[in-house]
Amino acid sequence: MKFQTFIPFVEHLGFELLKFEDGEAEIAVTLREELCNSWSVAHGGVTMTLLDVAMAHAARSSGRGGEGQSNGIGVVTIEMKTSFMRPGLGRLLAKGKRIHSTASLAFCEAQVFDEKGDLVAQASGTFKYLKGLPAGGRKIHRDNASD
């Protein structure tokens, strides 16, 4: 499944969108050397970005009585709190969920699991719905077909 919005940083990291529906999103990444820290485990910034992107996609996904925001409206992160439980190794899977939303905000949570299914990190975050930013336009993929 392709990301609907082209996010150069996410593409560079090699994130894969696996689920995007009903207030939930799942995103995976297979660790490579350049995504690791000096101890050869996932860099904290990679893990936090995975959590952030999973929550943002959950905020935008359809569901919950038609409140979904997948119709071209974007989100920006207002705040995010992250807790790390263990080093991330191998293929990481983030599962994001929209807990509550209003016309302008979404409240979300996400967890990252390693390839054994162990919890690596978790986060909660608040996201603001936006139609656009004054800095420029957004690049949206029109082809939503699966890979």
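**Entry 1: ground rules**

I noted that this is a predicted model, in which local features need pLDDT of at least 70 and side-chain atom pairs count only at pLDDT 80 or more, while totals for chains, interfaces and linings use all residues. Residues are numbered from 1 along each chain as its sequence is written, and side-chain values use heavy atoms, with hydrogens and water left out.

**Entry 2: the sheet**

I looked up the strand order first. Six strands form an open sheet in the order E1-E2-E4-E5-E6-E3, with antiparallel pairing. E1 and E3 are the edge strands, each pairing on one side only. From one strand to the next the twist averages 20 degrees. For the terms, I wrote down that helices (H or I, at least four residues) and strands (E, at least two) are DSSP runs numbered from the N terminus. Two strands pair if DSSP finds at least two bridges between them. As background, strands of a sheet pair through backbone hydrogen bonds, either parallel or antiparallel.

**Entry 3: pair by pair**

I then went through the pairings. Strand E2 (residues 24-30) is joined to strand E4 (residues 91-101) by seven bridges, and the two run antiparallel. Ala-28 has Leu-93 in E4 as its bridge partner.

E4 is also joined to strand E5 (residues 105-113), by eight bridges and again antiparallel. Here Lys-95 stands opposite Gln-111, and Ser-101 stands opposite Ala-106. The hairpin from E4 to E5 passes through three residues.

E5 and E6 pair antiparallel over nine bridges. Ala-106 turns up again here, with Phe-127 in E6 as its bridge partner. The hairpin of E5 and E6 has five residues between the strands, and Gly-117 takes a positive phi near 90 degrees in it.

Strand E3 (residues 74-84) pairs with E6 in the antiparallel sense over 10 bridges. In that pair, Met-80 has Gly-125 in E6 as its bridge partner.

**Entry 4: helix H2**

How far apart are the end C-alpha atoms of H2? They are 24 Å apart, which agrees with the 24 Å that its 17 residues should span at 1.5 Å a residue. The expected span is 1.5 Å times one less than the number of residues.

I checked how covered the helix is. Of the 17 residues of H2, 13 are buried. Buried means under 20% relative accessible area, exposed over 50%, and partly exposed in between (1.4 Å probe, protein chains only).

H2 lies across E1, E2, E3, E4, E5 and E6, and runs at about 135 degrees to E3. Axes are lines fitted to C-alpha atoms, for helices over the stretch in contact, and angles run from 0 to 180 degrees between N-to-C directions.

Thr-47 is buried, because its relative accessible area is 2%. Leaving aside neighbours within four places in sequence, Thr-47 is in contact (heavy atoms within 4.5 Å) with Ala-42, Phe-84, Leu-92, Val-112, Val-120 and Ala-121.

**Entry 5: two positive phi values**

Asp-22 is not a glycine, yet has a positive phi of about 50 degrees. Asp-22 is in the loop between strand E1 (16-21) and E2. Asp-22 counts as exposed because its relative accessibility is 52%.

Ser-40 is not a glycine either, and has a positive phi of about 65 degrees. Ser-40 sits in the loop between E2 and helix H2 (44-60). With a relative accessible area of 54%, Ser-40 is exposed.

**Entry 6: Glu-115**

Is Glu-115 buried or exposed? Glu-115 is exposed, because its relative accessible area is 60%. Glu-115 lies in the loop between E5 and strand E6 (119-130).

I looked up what it touches. Leaving aside neighbours within four places in sequence, Glu-115 is in contact with Leu-89, Gly-90 and Arg-91. Glu-115 and Arg-91 are 24 residues apart along the chain, and their C-alpha atoms are separated by 5.4 Å. A polar atom of the Glu-115 side chain lies 3.2 Å from the backbone nitrogen of Arg-91.

Technical notes
A polar contact is a pair of N or O atoms within 3.5 Å; within protein, one must be able to donate a hydrogen and the other to accept it, and residues adjacent in sequence count only if both atoms are side-chain atoms.
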